[in-house]
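Hello,

Here is the structure you asked to look at. My notes follow below it.

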Amino acid sequence: MPELNTLTAPEAATASPPRFADFGLAQPILQALAEQGYQHPTPIQAQAIPVVLQGRDVMGAAQTGTGKTAGFSLPIIQQLLPNANTSASPARHPVRALILTPTRELADQVADNVKAYSRHTPLRSAVVFGGIDMAPQTAALRAGVEILIATPGRLLDHVQQKTLNLSQTEIFVMDEADRMLDMGFLPDLQRIINLLPKQRQNLMFSATFSPEIKKLAASFLKNPQLIEVARSNATAERVTQIIYKVEEDAKRDAVVHLLKQREIRQVIVFSNTKIGASRLARELERAGVKASAIHGDKTQAERMAALEAFKAGGIDVLVATDVAARGLDIAELPCVINYDLPYNVEDYVHRIGRTGRAGASGDALSLYCDKDARLLADIEKLIKQKLVPVELEDFHPRSARGERTERHDRGDRQSDRYGDHSERRTERAPRSNSAPMPRKEKVDPWFLKPYEPAAPAVPTEPKPVDPRNAKAPAKRAALLGGRSKN
Ligand code: AMP
């Protein structure tokens with residue numbers, strides 16, 4: 001492991017909030033940023049941009065949602081600009097920056113960002129990933145691109161087909177390095193690194209730093225600057241967590257009640273099961289709430305349509321399973337609701353991390369039934385915080401009034417017997433013995449896009465809050481990832 005120079009937040013902080021113009025970025029980049037509506041750099045950007053501009057190697061501890069993509073893309077564009085040209089000749093547009101990501105979803109997002117930030121420059125960018133026809137990618141590569149975003153496997157396919165030459169790469173970025181290793185890309189990464197010129201700048205980003213990650217970093221980073229921003233524990237400190245005690249068959253009414261009482265718009269409601277997600281979305285629709293379910297039984301087209309509608313405000317509530325939620329490029333939600341407490345305790349941290357991002361505050365509301373005692377205890381242990389279930393104010397569920405819910409109306413015996421947690425098609429196995437064991441399900445790779453570190457990072461200080469008084473003002477999410485493609 002090379003010696004790391006740590007740049008801590010206080011050192012990096014300046015008296016007044018920094019502006020993008022302070023970094024000496026070229027006018028075309030500043031113009032693109034202004035068009036994106038970004039005024040101030042996020043903490044990771046404020047730290048990374050000057051260091052990358054110096055040409056130094058960087059090891060960045062940052063997860064998706066922190067603004068890290070611009071943190072490396074902007075200084076890359078700036079560094080490539082002096083030799084940018086408008087020549088039509090492919091030879092004048094060699095690959096000069098290579099950005100590797102573990103998944104095609106992330107590759108696509110990064111490529112969108114790079115395109116947006118470089119739109120007023122002559123620099124060309126392209127993205128290549130597997131699962132789709134190689135021909136259009138080949139055509140783009142043949143025409144010449146300076147900034148290439150790629151997943152490892154497809155990149156090597158292009159190298160093998162000799163449609164790609166990496167010998168002029170000046171800057172190499174490895175994004176979500178921990179996920180790369182999780183996905184078994186190490187041999188591919190090593191092959192790719194061997195194709196790059198020895199003299200180059202390396203930037204590596206990872207949400208977690210396992211011994212394997214450190215070993216990988218040591219193998220290719222030279223005297224890297226370590227850049228760290230608040231992890232999900234700091235994020236979670238801004239999240240108001242409230243646990244509402246409700247009867248199992250009153251949970252759907254409780255969601256409707258919360259949406260109305262707290263005037264919630266744009267919320268992800270987490271269900272532990274796909275069937276549960278679909279059923280809840282249906283019932284919410286029936287209650288007049290614009291809702292849609294997103295899970296592994298939906299086609300990619302359906303998932304994309306639901307996501308776009310959600311971002312555009314056509315749908316207020318996305319009911320999602322944990323695995324499906326990983327595929328969502330949505331940041332800064334004002335609220336998430338745990339319809340079910342997650343079986344997998346780390347998922348609780350991941351779920352609440354979807355709100356309270358990038359300096360914003362957020363609410364994480366959870367529905368709790370008596371049978372969830374063990375799950376709640378596991379969560380409290382992990383986050384080192386006591387979460388006391390409270391009654392839901394002014395809540396008069398249909399079940400308590402003797403009315404029948406959809407489940408009872410349909411006489412769905414299996415659901416009655418096992419409850420929502422029992423759907424035999426759950427993506428995750430419960431750790432606690434408080435719920436029956438679901439069948440392990442094949443995970444659609446579309447959902448493998450990361451959004452939180454695998455390792456739990458949790459708040460240590462309890463946040464004082466009287467949940468019953470915590471009625472939130474109506475908030476509409478700034479969906480940072482919601483821009484359409486250029
Ligand atoms: P990332 O962590 O790179 O995936 O970025 C998370 C989201 O923050 C993306 O949707 C970006 O478009 C958005 N974003 C990046 N930088 C800024 C900024 N300086 N101000 C506001 N939003 C930003």
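This is a predicted model: local features need pLDDT of at least 70, side-chain atom pairs count only at pLDDT 80 or more; totals for chains, interfaces and linings use all residues.

K162 sits in the loop between α7 (152-160) and β6 (171-174). Its phi is near 60 degrees, a positive value in a residue other than glycine. Most residues other than glycine have a negative phi.

E176 also has a positive phi, near 50 degrees, and is not a glycine either. E176 belongs to the loop between β6 and α8 (177-182). With 27 other C-beta atoms within 10 Å, E176 is buried.

On the chain as a whole: there are 486 residues, of which 48% count as buried. The chain has 19 helices and 15 strands. Taking contacts between residues at least 6 apart in sequence, 79% join residues at least 24 apart.

I also looked at helix α5 (residues 104-117). Its 14 residues, at 1.5 Å a residue, should span 20 Å, and the end C-alpha atoms are 20 Å apart, so the two values agree. Eleven of the 14 residues are buried, so α5 is largely enclosed by the rest of the structure. Among the buried residues of α5 are R104, E105, D112 and K115, along with L106, V110 and Y117. The elements that cover the buried residues of α5 include the helices α2 (27-36) and α4 (68-80) and the strands β3 (97-100), β4 (125-128) and β5 (147-150).

Regards

Terms used. Residues are numbered from 1 along each chain as its sequence is written. Helices (H or I, at least four residues) and strands (E, at least two) are DSSP runs, numbered from the N terminus. A residue is buried if 20 or more other C-beta atoms lie within 10 Å of its own, exposed if 12 or fewer, and partly exposed in between; C-beta atoms are placed from the backbone. Two residues are in contact if their C-beta atoms, placed from the backbone, lie within 7 Å. The expected span of a helix is 1.5 Å times one less than its number of residues.
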